[in-house]
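Please examine the sequence and the three-dimensional structure shown below. The paragraphs that follow lead through selected parts of them.

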Amino acid sequence: MLTFILRRIVQTLVVIVILSYVCFGLMTLMPGDPVELMISANPRISAEDVTRLREFYGLDQPLIKRYYTWISDISKGELGYSRTYRIPVTEMMGPALTATFILSITSLLFSLIIAIPLGIVCALKPNSKVDYIANLFSFAGISVPSFWLGIVLIIIFAVNLRWLPAGGYQTTGLAYENIFQELMDKAKYLILPMVSLSVQSIGRFSRFTRSAMLEAMRNDYIRTARAKGLSNRVVIFQHGFRNALIPLITIIAISFSSIFSGALITETLFAYPGVGRLIYSSIIGNDFNVAMVAFVVSVSAVLIMSLVSDILYGVVDPRISYK
Amino acid sequence: MKNLSLVLATVLVLVGCTKKDNAGSTPGTPSAGATSNAGGKLTNNELKIGITQEFENFNPVIQTMSATSYMQHMVNRPLVTINADGKWIPLLAKKIPTIENGAAKIVDKGGKKKLVAIWEILENANWGDGKPVICEDIIFSLKVASSPNVSVGEKETYTQIEKIEADPKNPKKCTFTYEKAKWDFYQLGTVWLLPSHLEEAVFKKFGALKEGYEKNSLYSKDPTNPGLYNGPYVLTELQLGDHVSFAPNTKFYGEAPKFKRIIVKLIPNSGTLEANLRSGTIDMISSLGLALDQALAFDKKVKGENLGYSVLFEPSATYEHIDLNLDNPILKDIRVRKALNYSINREELVNSLFEGKQNPAIHAVTPKDPWFTDDPTKVVIYKYSPREAERLLEEAGWKMGADGIRTKGEKRLSFTLMTTAGNKTRELVQVYLQNKWKQVGIEVVSRNEPARVFFGETTKKRKFDSMALFAWISSPENNPKSTFTTNNIPTAKNGWSGQNSMGWSNPKVDELLYSMDTVFEHAKRVEIIHKVLKYYTEDVPVLPLYYRSDIAVIPTQLKNFRLTGHQFPETNEVEKWTVE
Amino acid sequence: MNTAQNTTQKAQQKAQIAKMEKAQTITQIVYSQFKEHKAAVIGAYVILIFVVVALSAPLIEKFTGLDAESQNVFNRYRPPMTRVKAGTDVRETSIQRFIDANPEEVLIIQNQLISQQLVKPIRPEDALYDWAQLDRTKAMDAIDLIDTSKKSELRAIANRFESFHILGTDELGRDVMMRLIYGTRVSMGVGILVALASALIGLLVGAVAGFYGGFIDTLLMRVTDALLSLPLMPVLIVVAADDLQKIPFISRILTSGNESILKLVLILCLFSWMSVARLVRGSILSLREREFILASKTLGATDYTLITRHMFPNVIAPMLVSVTLGVGESILFEAALSFLGLGIQPPTPSWGNMLFNAQELIYQAPFLAILPGLLILFVTISFNYLGDGLQDAIDPKAMRR
């Protein structure tokens, strides 16, 4: 077990390094380096300014050398300096990651709370009316373009009903008297983006739970358990749901990984200062350091999460063992 | 089918709700702008401004983003600026030195003509911590800006000032020596100052390291330190990517600001600006906000439903045009260029697409500029005439083909029009023009690229094969050397610097523009620029389209708010804004 | 005789049973199973309708006389069911074309128009131009009164003086319905193309990895994992902003007209084949150990035959499902990229860019945003239901006998 985990960690690290190089290469394939962007913003930059700035940023070096400089800085714990915001990357990433983390975690929990019971109910009564309606909503959730949904939510709840704010993550300039007030205020801003982010995952999770549960309930041991005279509850949760959990864990682990890559469209629509938007503006503004750190963070998150889910399988299903 | 109709019904109900609510709220809404105020009526306590663009750290020497510059004018003031009337006025300086008032004179130093000017800083100009603004601050800013370890985009502004000396008796009196005797020397007074009493220590300690100063500058370590600002407001909270809060600077030299707090909030999606405004998240939309189409629609609604806002349109110094690539073999023929120009119906364009809120353009100098002219004896004016266009094309040998596109031998009269993707107004204009040109038998295909590609590569390196649609934001009385002269045609040799992406080369224009630098009489300069514009409109290296307008939405109670229409934003007068 | 009858009866029965057994081929079972899934059937019909409409776009164009390109800038943002007048320009151009084509006939028409006092031009040459400024009905009446051999052509011109827009007009006064129809072509085309292409890539990679195993398998699967772990949206943005012209092979396929569409298809394909590859690899791994493969191997079948003849048929079914689901996903992705301004470039309409263009004006012209949004919703739901139905139909465990 331990050797398995160690081997996987080493593999993961190698993949992260290779991927970071790929991302680095992709970023350089984009036309217009930072200096060119500066020139376009300012007609008075001269040819000397251009060469000076190129040298300043090390852009006159070949790709592999620049990558080497970057990765050796990273390994020293030096994440660099954001060229767009002109502050250290760590100071930029910290708050953005926290904001995104809060949004994604609440949205994930919210969708699981709704989707899992919904999926179980559907699986227990397949082809019933409840199943049909739940299915329709799940499919609609998966199929709705997220920014369209976001706009509709804003119009209804922020502009017309005025129940919730249209964007932001807290009432700006409000001095909180106590933590309870702060929580309430921030929660108010969280609801709309969370809902708009959750709609799709609710659809996905409930479909997934439904099919995993259907599969599990078809097994012989369910029949045995029922024959033994166990209560319906015990059969469903102890025998059925436990077995449906394995595939569910995979999909939850995968969606966990998006916790750090953020939800660009939702964040943009709701003016939520998360990491998705940060990545986007850093890519568009050719802010290498920020974009690369963000890439590495989100790639690592996925790889680590899939490692965790592999280990979790062993916990949930004793039949699986690692050599 | 039942399931599907259920969805449809649900959606329609939702939509229905939206509409009904809209209609329902109108009669009940009192006219006094109650709409803006989910959190109460607008008072002098707080003003929340929405912007759509990202901003950065506030170090004024290093900043490059327009949103930062917008806010910089709230917290800092340069020596001089252009006011909303388009006039140069002193801010931190007591007066603008000129040859006439004796504060500036041309001297001969070692055979070279140089200019020496005396700038005096206002007696009561202070930094937010009470320390006076002195000449040493200007000297220090220059030192920082010219350091090789600080990433300043453009150094020309700074390098043109050869030397600054502080008067040993009066620390507020400085003598500038300019490298060359140019008439526009005073425009260099728009540089920002850094507080030397706070930043000098940082620069001494870290200035030798690459990017050392900018990483450790108080503007990034302690941005709410009031000593960093000399404007009407100081920064009280800075959340990059979200919002900035400001409070009045008690040490400000000028009129005391009225609003007790100003918050500038980033709303990255302009589609939701209106929703944010109407739900009270923001009170007004800055000039970095609505697209024209949105503003036009919102304007109608504001008037129709009495929403308590005013939508302001201010003609600006932004010139939208199409650069023609003069290396294109078809475009080398001036008749084709003229035909392209004649088949644009600018009047219809501005009246239909912009509802008259933006003005048709005739050349590169905007009506905001004292240099502007629309005198037909001085410049060529192309009135819409498809027949004239067709005549010119026939003359040039382009015959109408069976599919409605002209041909000459094997060649089709076809061009590619490129512009920035996602800019709705430009895309609209692009499609409109395509249609117009099609009617005289010119095929134009569009190819759009994200702004960074378009400006970073395509126009920069002249990679567009025939036409590129974009804008120049010029300031009044700005010598157009960098866009008109032969030296400024970007080539690999000059490191792709220069903005003459047309590849326009007219020796007479070169000569005129270079000679203008040393002309100190306004009337003579106007004469020169009018000659240049004559060549510009005769040669047609560029198709002028329209002059853009700046747009803002403000609550009707907000008084003394004026859009400027040039690169020195309305925040230059932020201390006057008030609610009555 | 009895025995004879018996034997014939038995033979008949046998034949019947045989026929019945034969009749129930796997496709038929799947088909009948599929039919049970009502929503999937509806989905299939919806898709079919959309495909038919998309394919017959030029016919609709001809029939209604409307097209997706012509503008009418003084009639922007008209609500559904409005009749609008064509712009002066459009009228004048069509008249000019007519004059150029029939210089002699024009003189006769001009004279008649003037002599019957139908128009009162300042100069006689302007008579037809003045006629072009009339209302459609008046212009039609005028044609009835004059005598010319070109009546039908003039009628056709007059017909274009006015247009009726069932779904209103957009920001340039173009017909929304026609744009939606052409958008259907682009959006569904992209969706289907991407789904098919990525299924093919996935099939190839998965089959090779699963069949050969060992190092090739490890390598291919690590590549798959790596691509799966990349955060999709940022990578799509980077690639969409990349200049594909820099890559020599691709620059040859790209032409200015189709660049944005092809680029989008390429990008989406590049990042959507991985799940199919995993799926195929999984099934081939398990197939490899089965007896019938061993049997054909001993009989001397080549790798190629083994893979294409024996393994592919067994993975077709699950692939079909993932293709259908992939179509919906690609349509949504196109819309999302459009939201960032990196989708299909105007004036080519796609649902995604129509929706994006409309979102800023959702209050002023709600229909412009609602319609493409609904179409995306409908079609994606339909594809999802179709995929679901197929899955149920081919799943041996779910078979209801």
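Which residues point one way from S10(B), and which the other way? B:Ile262, B:Val264 and B:Leu266 point one way, B:Ile263 and B:Lys265 point the other way, and all are buried; buried means under 20% relative accessible area, exposed over 50%, and partly exposed in between, with a 1.4 Å probe and protein chains only. In a regular strand the side chains alternate between the two faces of the sheet.

The model is predicted, so local features need a pLDDT of at least 70 and side-chain atom pairs count only at pLDDT 80 or more, while totals for chains, interfaces and linings use all residues. Residues are numbered from 1 along each chain as its sequence is written, chains are lettered from A and ligands numbered from 1 in the order in which they are written, and side-chain values use heavy atoms, with hydrogens and water left out.

Strand S10 of chain B comprises residues 262–266, and five of its five residues are buried. Helices (H or I, at least four residues) and strands (E, at least two) are DSSP runs, numbered from the N terminus. Two strands pair if DSSP finds at least two bridges between them. Strand S1 (residues 47–51) of chain B runs parallel to S10(B), and five bridges join them; B:Ile49 has B:Val264 as its bridge partner. Strand S9 (residues 243–248) of chain B runs antiparallel to S10(B), with four bridges; here B:His243 is partnered by B:Lys265.

The loop between S9 and S10 of chain B holds B:Tyr253. This residue, B:Tyr253, is buried, because its relative accessible area is 15%. Not counting residues up to four places away in sequence, B:Tyr253 touches B:Arg77, B:Leu91, B:Leu92, B:Leu122, B:Asn124, B:Ala125 and B:Asn230, where contact means heavy atoms within 4.5 Å. B:Tyr253 and B:Leu91 are 162 residues apart along the chain, yet their C-alpha atoms are separated by 9.7 Å.

In chain A, helix H8 (residues 179–217) contains A:Asp185. A:Asp185 is buried, because its relative accessible area is 7%. Leaving aside neighbours within four places in sequence, A:Asp185 is in contact with A:Gln170, A:Thr171, A:Leu174 and A:Tyr176.

Finally, confidence must be considered. pLDDT is the predictor's confidence in each residue, from 0 to 100. Chain B averages 86, and 92% of the residues score at least 70. In chain B, confidence is lowest in helix H1 (residues 2–28), at a mean of 36, and highest in helix H10 (residues 334–342), at 95. Over residues 1–39 of chain B, pLDDT stays under 50.
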